Amino acid sequence: MIAPDEPFLCSLSKRWIPREMITPPALDRKQQVGPVEPHYALLINPFYTKDANASFGKHVLTPSLALTSFAATTPEHWRVEYWDENLLDGRPPFRPMPGVVGITVHLTFARRAFELADWYRARGAKVVFGGLHVLSCPDECAPHADALALGDGVQLWPRILGDIEANTLQSRYFATYENDYREDPSPRRSLLPRRSFLTTTSLIATRGCHNRCGFCYLATDGLRIPYRMRHPRQVVEEFQADDQPYAVFIDNNLGSRRDYLHSLCAALRPLNKIWSAAVTIDVTDDPGLIRNMAAAGCTGVFVGFESLSDDNLADSHKKTPKTSDYARRVRILHDYGIQVNGSFVLGFDHDRKDVFARTAEWIEENRLECATFHILTPYPATPLFRQMEAQDRILHRDWTLYDTGHAVFQPKHMTAEELEHGYAWIYQRLFSHASIWQRRPDEWQAIPLYLAMSYLYKRSNRFWHWLIKHDLVNPVWKPLVEMTRWRHLRYRRGLAQHASPVAAAGQVVSAGV
Ligand code: B12
Ligand code: SF4
């Protein structure tokens, strides 16, 4: 039992974080640049500050598909390069100077995106912005770019490049997400540095979600993303083509349409590979689906529980089972050997200072292998932002701090400092030796791999930093992933022979997206 005030009785240890994980690489104003290469497009994922409380491993688990998805529509006579500043290889290239620089912009790294854009534009490149922040705050972004892509980049990118060639570039381009998703080309993963990520196979099978929680970016004003699915065959082909043992589905909610997930599992099963995905806990309404997921290689799910208070969930308009039933539902996933990475939001209006202790206790009691925490963050142009603004509770608009690791609004039943303290405490508690041990699997055969994965993921930030710096993330993790896949294949053979769940599944990568 954790005392409700325990988080506030202890002082927290200072977490180690190297400078290059909090400060972006410098952009030299006097730098000599190369000549402009007109048909060279440089695509940049800008630097963002890492949170010392969480695992650095999270940032190299799998790449965002923002850039690779529209890169696939680049005409053949263009050369394309990808640069992720978070891989700690320094600032993006400039010799030769790209004719076009495409930058994805989220609110947390908007400031860095603007700096990069100003630097490249001053040296002759055309800069195109796209991504979530462009959708929610276009007027803030516009002064820093030659063109804004508002909406689906897959439809817009070839048009924008065509207009650049014809010298008819417009300042804003619009596209919806209502097209047939099956017609999109596969993301151009060949651009990605393969050694730098645990897996380069970020897959996306669907977009949208059957929910519209008031705090989620999907509820952004004017953003309409109907639930759209790719053909399971397309997903399977992409998984095979990237030749990795493990894939991460980056869908908002792979479980929104259960009939679809059943057919996707049927298609994935023969691959003998492993994968993880984000789903809502209502997928457990259908235990047959959970069984099919396990048989198809699902080793872990990322579940947005958000809160253990029904009142908080009702306020957010999240359609979800009662929280009193969450533990039983977690057991269904565990029974089929599926690890649960629970995502929890802290600071809702019904959260009091005991929320940290209660949440940690619940996670430990139910042996969630991994948990991810977020301080409630009102993203601009969402219903939550409007509510907070109307109540005069927004503390500031420094978007860099809207990273879910800082309190940017006035919580109802505690101070902003207490909320940040509680957030740091809960991470330290869940990453502690005692908590890792308490959450070990029942099956002793699964414990060594569980411990190896947990210690690597949760207690090795210095090692992560070293791996990232030396491009060793994939070579070092791949053997562990392979071991997990073998264990899982054995588990699946057992599952096929029994009508009820069988023990000792593969304990896998503690995916913490
Ligand atoms: C993979 C992922 C990550 C990865 C990689 C992130 C990265 N930037 O490299 C990791 C695990 C590291 C990560 C970390 C975090 N993430 Co994240 N992540 C995602 C996830 C699951 C998938 C992103 C993706 O690939 N989408 C698919 C692509 C195809 O869609 P897209 O990005 O919208 O791109 C399309 C268009 O926007 C457009 N477009 C985008 N960029 C550009 C650029 C140009 C030039 C053009 C023409 C078009 C264009 O074209 C694309 C195709 O249509 C999303 C949720 C989601 N499903 O989108 C969350 C999400 C982006 N993450 C989010 C958050 C909050 C975080 C964290 C802050 C969480 C935390 N506390 O740790 C951190 C820190 C990262 C940061 N500071 O931004 C939020 C962002 C909310 C917001 N309003 O900004 C999201 C939306 C999750 C959510 N439901 O809240 N994340
Ligand atoms: S369930 Fe998750 S992805 Fe769906 S709207 Fe709510 S927060 Fe967003």
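Analyst: The structure holds 29 salt bridges, a salt bridge being a side-chain nitrogen of Lys or Arg within 4 Å of a carboxyl oxygen of Asp or Glu. This is a predicted model, in which local features need pLDDT of at least 70 and side-chain atom pairs count only at pLDDT 80 or more, while totals for chains, interfaces and linings use all residues; side-chain values use heavy atoms, with hydrogens and water left out. Residues are numbered from 1 along each chain as its sequence is written, with chains lettered from A and ligands numbered from 1 in the order in which they are written.

One of the pairs is Glu37 with Arg79, whose side chains meet in a salt bridge at 3.1 Å, N to O. Glu37 belongs to strand E1 (residues 36-45) and Arg79 to strand E2 (residues 79-84), so this contact ties together parts that are 42 residues apart in sequence. Helices (H or I, at least four residues) and strands (E, at least two) are DSSP runs, numbered from the N terminus. Glu37 is partly exposed, with a relative accessible area of 25%, and Arg79 is partly exposed at 38%. Buried here means under 20% relative accessible area, exposed means over 50%, and partly exposed lies in between (1.4 Å probe, protein chains only).

Glu238 takes part in two of the listed pairs, with Arg189 and with Arg230. The side chains of Glu238 and Arg189 meet at 2.8 Å, N to O. Arg189 sits in the loop between strand E6 (172-174) and strand E7 (202-203), and Glu238 in helix H7 (residues 232-242), so the pair ties together parts 49 residues apart in sequence. In the salt bridge between Glu238 and Arg230, the closest N and O atoms are 2.6 Å apart. Each of these residues is buried: Glu238 has a relative accessible area of 5%, Arg189 has 8% and Arg230 has 3%.

Elsewhere, salt bridges join into a network that links Arg258, Asp285, Asp325, Arg328 and Arg329.

Now the ligands. Ligand 1 is surrounded by 34 residues, and the closest are Lys58, Leu65, Thr108, Asp152 and Thr404; a residue is near a molecule if one of its heavy atoms lies within 4 Å of it. This shell divides into 16 nonpolar, 15 polar and three charged residues. In this scheme Ala, Val, Leu, Ile, Met, Phe, Trp, Tyr, Cys and Pro count as nonpolar, Asp, Glu, Lys and Arg as charged, and the others, Gly among them, as polar. Helix H2 (66-71), strand E3 (97-104), strand E4 (126-130) and helix H6 (153-165) each supply at least two residues of the shell. A polar side-chain atom of Thr108 lies 2.7 Å from a nitrogen atom of ligand 1. A backbone N or O atom of Gly131 is 3.5 Å from a nitrogen atom of ligand 1, and an N or O atom in the Tyr217 side chain is 3.4 Å from an oxygen atom of ligand 1.

The shell around ligand 2 consists of Cys209, Asn211, Arg212, Cys213, Phe215, Cys216, Asn252, Thr280, Glu306 and Lys318. By class, that makes four nonpolar, three polar and three charged residues.

Next, the backbone. Most residues other than glycine have a negative phi, and most peptide bonds are trans. The peptide bond from Arg95 to Pro96 is cis, with omega near 0°, and Pro96 lies in the loop between E2 and E3. His317, which is not a glycine, has a positive phi of about 60°. His317 is in the loop between helix H10 (310-315) and helix H11 (326-335), and is exposed, with a relative accessible area of 58%. Asp471 likewise has a positive phi, near 55°. Asp471 is found in the loop between helix H17 (461-469) and helix H18 (473-497), where 26% relative accessibility makes Asp471 partly exposed.

Asp5, in the segment before helix H1 (6-9), is partly exposed at 41% relative accessible area. Asp5 and Ala357 are 352 residues apart in sequence, yet 7.4 Å apart in space, C-alpha to C-alpha.

Notes: A polar contact is a pair of N or O atoms within 3.5 Å; within protein, one must be able to donate a hydrogen and the other to accept it, and residues adjacent in sequence count only if both atoms are side-chain atoms.
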